[in-house]
Amino acid sequence: MNAIEKTSSDMNGNAQDTRQDLHRTIDKVAGQAQPLADKVATRAHDSVDQVGERLGQVSDSVNKASERLMARGKQWGAACQRAGETGRGYVRERPAVSLLIAAAAGYGLSKLLGSRK
């Protein structure tokens, strides 16, 4: 029985040493995991901040482009209004010539569109 008791005692000692080694390893890994998690969280926050800044830049660019387009639209509208007023003035001053130009334009359009049959 002596050999059996010694083997059992050795096995218990080895199991105890293995458990202690595992506990130390777990504590070591846990100690290293927290700084890594903090580093990952910091990088994630930084990335979100960079994306937010870029979105702000894109938003500013879109706003500027929109303002320019609105200004161009107003200019175009004013130019069309001036052209309309000029056309009305021309028709009032020269009604016969205006009628002939309109008839010629209508005839030309009808020939262009009528030839597609």
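Okay, so let's start with burial: buried residues make up 1% of the 117 residues in this protein chain. Buried here means under 20% relative accessible area, exposed means over 50%, and partly exposed is in between, using a 1.4 Å probe and protein chains only.

Quick housekeeping. This is a predicted model, so local features need pLDDT of at least 70 and side-chain atom pairs count only at pLDDT 80 or more, while totals for chains, interfaces and linings use all residues. Residues are numbered from 1 along each chain as its sequence is written, and side-chain values use heavy atoms, with hydrogens and water left out.

The overall picture, then. The protein chain has two helices and zero strands; those are DSSP runs, H or I of at least four residues for helices and E of at least two for strands, numbered from the N terminus. Its accessible surface comes to about 10,700 Å², and 60% of that belongs to carbon and sulfur atoms. Those areas are Shrake-Rupley with a 1.4 Å probe, and for residues only the protein chains shown count as cover.

Now, α2, residues 95–114. How far apart are its end C-alpha atoms? They're 28 Å apart, which agrees with the 28 Å that its 20 residues should span at 1.5 Å a residue. The expected span is 1.5 Å times one less than the number of residues. Of those 20 residues the number buried is one, so α2 lies largely in the open.

S98 sits in helix α2 and is buried, at 12% relative accessible area. What does S98 touch, leaving aside neighbours within four places in sequence? Y90 and V91, both in contact with S98, where contact means heavy atoms within 4.5 Å. Also, a polar atom of the S98 side chain lies 2.9 Å from the backbone oxygen of R94.

Also in helix α2 is I101, partly exposed at 49%.

On to charges. Side chains of opposite charge can pair when their charged atoms come close. We've got two salt bridges in the structure, meaning a side-chain nitrogen of Lys or Arg within 4 Å of a carboxyl oxygen of Asp or Glu.

One is D21 with R24, closest N and O atoms 2.3 Å apart. They're three residues apart in helix α1, residues 2–93, so about one helical turn separates them. D21 is partly exposed at 39%, and R24 is exposed at 52%.

R94 pairs with E93, with closest N and O atoms 3.5 Å apart. There, R94 is partly exposed at 39% and E93 is exposed at 60%.

Terms used
A polar contact is a pair of N or O atoms within 3.5 Å; within protein, one must be able to donate a hydrogen and the other to accept it, and residues adjacent in sequence count only if both atoms are side-chain atoms.
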